Amino acid sequence: MRQDFLKLLSPPQFDDDEKNRVAKFLHIVILTIIGIVFVSGAITGARGNYPSLAALGALLAPMVVAYLANRAGRITLASYIILFGAAAGITLVLAVGQGIHDIGIINYGLILIVASYLLRNKGILLITLALIISAGTIVFGEFYGWLPVQNTPEKFAPELSDFVIVALFLTLGAVAIYLLSQTLQDSLGKSKTAELRWRSLVNSIPDVVAIIDKKGKIEWLNRATPQMSAFYIGKSAFEVLSRSERDFSQTELDFVLGGNTLTSEAELLTSGGETRWYSVSLGPVYQPDGSINGAIAVVRDIQEKKDAEAELHQSREALRVQTRQLETLQEISRGVSTLKDLSGTLRLVLEQMQAALPLDGFVVTLYDQETNMLSFPLIYDDGETYQEEPTPLYPQNVVADAIYGRKTHILNRSEEQIQNPSIPTQKRLGTKKVSASILTAPMIVHDRVIGALSAHSYSCNTYNDEHAAILSGAANQIAIAIENARLYETSRAKAEQMATLNEIGRSISTLRDLNGVLESAYHLLRHVLALDVFYIALYHPESQMISYPIVVDDGQKYNEEATPLISEALLTKTILTGQAYLVNRSREEIARRQTNLPAQNALGQTSKVSASLMIAPLQFGGKSLGAISAQSYQLNAYTSDDLDLLTGAATQVAIALENARLYTALQKELTERKRAEAEVRKLNAELEARVRLRTKELEAANKELASFTYTVSHDLRAPIRGIHGLTHILLEEFEKDLPAEVLTHIKRVQSNAQQMGRLIDELLAFTHLGRQPLRPMNLDMTALSHAVIGELMKKETRRIDFAVRGLPEAYGDYVLIRQALTNLLSNAIKFTSRQEFPRVEIGSLQQDGEIAYFVRDNGVGFDIAYAGKLFGVFERLHRQDEFEGIGVGLAIVRRIIIKHGGRIWAEGKVNEGATFFFTLPAKPSKREKRK
């Protein structure tokens, strides 16, 4: 209620300052008149003068109307009501007073002055006419006695000239006031125009402009909303500064009031109660006389700039952290990319991690998903390295969290957790001490978790997110390096196994005595297997006994007596079923067997129990000859690849054993029949037949070896594709970030992987030839040569002169002979690439009753002294940078021709070209086919 009453007493507010000025004046006049009316009415009512009270009430009504019009913005209407009411009031006063000679006549001039303040020209003219009419009413009314004018003394009797004088006075006064008002209006108009221009300029700029008086009080704001005006105007400028910026004092304001300018940045309070950053420029406000009565402040919102600067600072800090992380990862990548062996890779990983992270301990854990086992190739703790046995992956530990969650994990233990650890001492690694801080990151390759890296510290709260980012990035690089090292070692191990098998087959195939075969097999297997115990058991089905021609235990040979078959023994199962076995015993099983040594260890040292063992059958021609066994005292010493190697060696040994037996039997027969020459010849013939039979069986075994070679070569393709894919990802995603030297190494790895892939493909093709059956038919060699030439020239941009002579028909496998021609012609095209006029000739000739086909070129040729190397696998007479190739093409041609029963040879000279000859058997006759 009180607020509403105070609001009625306050003047109205409008957007126009001129309108506010007039409305404020009218508001004061109206409230003054209303106040006088109320006071007079109270006095008159108290005296009982009710007619006067009624007159006052009649006067109050137009004042209320004028008040409402003024608050509604109808300024002109309110002005007319006030002025016409004043004119009517003066007329009434003069009529009941002394008429035209009453002192109240001076109010006419006052009304004209007020009219010039409130109204325009037309309004002044109307008020002037109203006042003239009022004066005429008084003069004529008094002259003719119409009005109760009381004139004393008589000399103040009205004259008609009084009207003329008053009218002339009013007219002259109105004209003077009009001219003066016009001049004032013009001046006010110019001033208002300038003010409007100034306001338009100030309101159009995006900044806030404020006028501040000498005491720091805010007097005016541009573009101020009612909320802003209520919050800022009338408030001290020091109050809108944030607490951190209130060191701005009267001294700075006095500096500006001294005629200086000042620019600074400060946090100011907004009308919403928030604080924002602004740029504040202060300058003095000059008066027309040159004095300074305040300051003008231009305030610009720079919060976005400050936010951008803060974001830029954060970005720079993040960039600095990322740069440091990338530098660390680059060092790690540069170091591990050149290593191939796992141990060297792990040593370098430890060195790089010691440089990048605060470390008291570091553990590399490898995870096997099939067995759910963890192995620890590297354990570093407090300056020393340790070896630990594999353990199962328990679900509630930091390594499990990293492996299962596939994200980096930080563990910071409290003092209480360190003093009372939840993990027992026997399950801890290294020094068995409790780590206060542990940082663990998973190693992921091809979306497969292969293990984890763990950084340990004995200080609390050592690791943060930056350390986690470094270890996480390093884990990706190290995972690739470890996987590559493992693949490299696996490939090297398989290559060694293949070489060992070939060496076993080569060496024992020339031996004839049993002991030489067994000794050779033992010494060759020692190079590729962890061999603490080795024996070969020979099975004698007629007596159901097993003999042991060789038993080696811990480097010492033993002579063991024959033993009968024991049905539940693993050796018996291997001999009878022909199945190979791999057994890796646990510590508990070893301890249990240790208590029953005589029954379990009948061979070699009876005081030890093997921790790992393999047994493979010796079979030949579907017949079981016995078994071969390799054993080790180390836990988990053998893998399935080792069992494959032992099985392949067993096949070679079985063949050699059978050959040795045959050789012994042959010697015995020769001794018994040496006196009978005819029988000797017969025995020799039988021996040759048997040898041919055994040779065929040996060829069958070699086919099995070729199949094994094919399998191993096929298995090598997956790692090679992995290496190629990983290097491709590195080049695609990190080429811009990696140095040129690293890029060169990666591209070299990629090129070597591609070369290895081509070698494997050619090796597979070479191996496949041995198994592919012949499908002979009549071959049009001329048409076949033209077809091959047309196919090869699709990819050739040079012009080559081909000469195909009339070639006789041949008899052979179409696909294989086409492959042979393709390889020969490809070589001719390749080795004539440096000739200006290359020429290739395909022809035939008769030689020793055979048709010899040939391919002759004018290329670089070769030294005839090295002709024997041309047809070997991977044999090359030219460097890779001279002529590309891998050295398998001519080996394939030779195998195809030999498979057909033909011959192949080459002639040539250096820089004089080369000629390759080959023969094919003639088509067999119908009689030969029947035979």
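Predicted model: local features only at pLDDT ≥ 70, side-chain atom pairs only at ≥ 80, totals over all residues.
The protein has 931 residues, of which 40% count as buried. Its secondary structure comes to 25 helices and 25 strands. Among contacts between residues with a separation of 6 or more, 62% join residues 24 or more positions apart. The protein exposes about 51800 Å², and carbon and sulfur atoms supply 55% of this area.

Strand E1 (residues 208-213) pairs with strand E2 (residues 218-221) in the antiparallel sense over 3 bridges. Within this pair, Ile212 stands opposite Ile218 of E2. E1 and E2 form a hairpin with 4 residues between them, and Gly216 in the turn has a positive phi of about 90°. The second pairing joins strand E4 (residues 275-286) to strand E5 (residues 292-301), again in the antiparallel sense, over 9 bridges. Here the bridge partner of Tyr278 is Asp301 in E5.

The loop between helix H7 (160-204) and E1 contains Asp207. Is Asp207 buried or exposed? Asp207 counts as buried because its relative accessible area is 10%, and the cut-off for a buried residue is under 20%. Although Asp207 and Val299 are 92 residues apart in sequence, their C-alpha atoms are 5.7 Å apart in space.

A second open sheet has 6 strands, which pair in the antiparallel sense and follow the order E15-E14-E13-E18-E17-E16. The edges are formed by strand E15 (556-564) and strand E16 (581-584); each has a single partner strand, so one side of each is left without a neighbour in the sheet. The twist in this sheet averages 15° from one strand to the next. Strand E13 (residues 533-540) and strand E18 (residues 623-632) form an antiparallel pair over 6 bridges. In this pairing, Ala537 has Ala627 of E18 as its bridge partner.

Helix H16 (residues 570-577) lies across E13, strand E14 (545-553), E16, strand E17 (612-620) and E18, and runs at about 30° to E17. Helix H19 (residues 640-672) lies across E13, E16, E17 and E18, at about 40° to E17.

The loop between E18 and H19 holds Asn636. The phi of this residue is positive, about 50°, although Asn636 is not a glycine. Most residues other than glycine have a negative phi. Another such case is Asn461, whose phi is near 55°, a positive value in a residue other than glycine. Asn461 is placed in the loop between strand E12 (448-457) and helix H14 (465-508). With a relative accessibility of 58%, Asn461 counts as exposed, because the cut-off for an exposed residue is over 50%.

In helix H24 (residues 889-899), the buried residues are Leu890, Ala891, Ile892, Val893, Ile896 and Ile897. An α-helix has 3.6 residues a turn, so residues three or four places apart point the same way. H24 is followed by Gly901, which has a positive phi near 90°.

On the surface, Phe84, Leu125, Leu126 and Leu129 form a nonpolar patch, and together they have about 350 Å² of accessible area. Which helix gives the most to the nonpolar patch? Helix H6 (residues 121-143) does, with 3 residues. Leu129 is found in this helix, H6. The relative accessibility of Leu129 is 44%, so this residue counts as partly exposed.

Key. Residues numbered from 1 in each chain as written. Heavy atoms only, no water. Pairing = 2+ DSSP bridges. Helix = DSSP H or I, 4+ residues; strand = E, 2+ residues; numbered from the N terminus. Axes fitted to C-alpha atoms, helices over the stretch in contact; angles between N-to-C directions. Contact = heavy atoms within 4.5 Å. Patch = residues over 30% accessible without salt bridge, like charges linked within 9 Å, V, L, I, M, F, W, Y side chains within 5 Å. Areas by Shrake-Rupley, 256 points an atom, 1.4 Å probe, with all protein chains shown as cover. Salt bridge = Lys/Arg side-chain N within 4 Å of Asp/Glu carboxyl O. Buried < 20%, exposed > 50% of the residue type's maximum accessible area, 1.4 Å probe, protein only.
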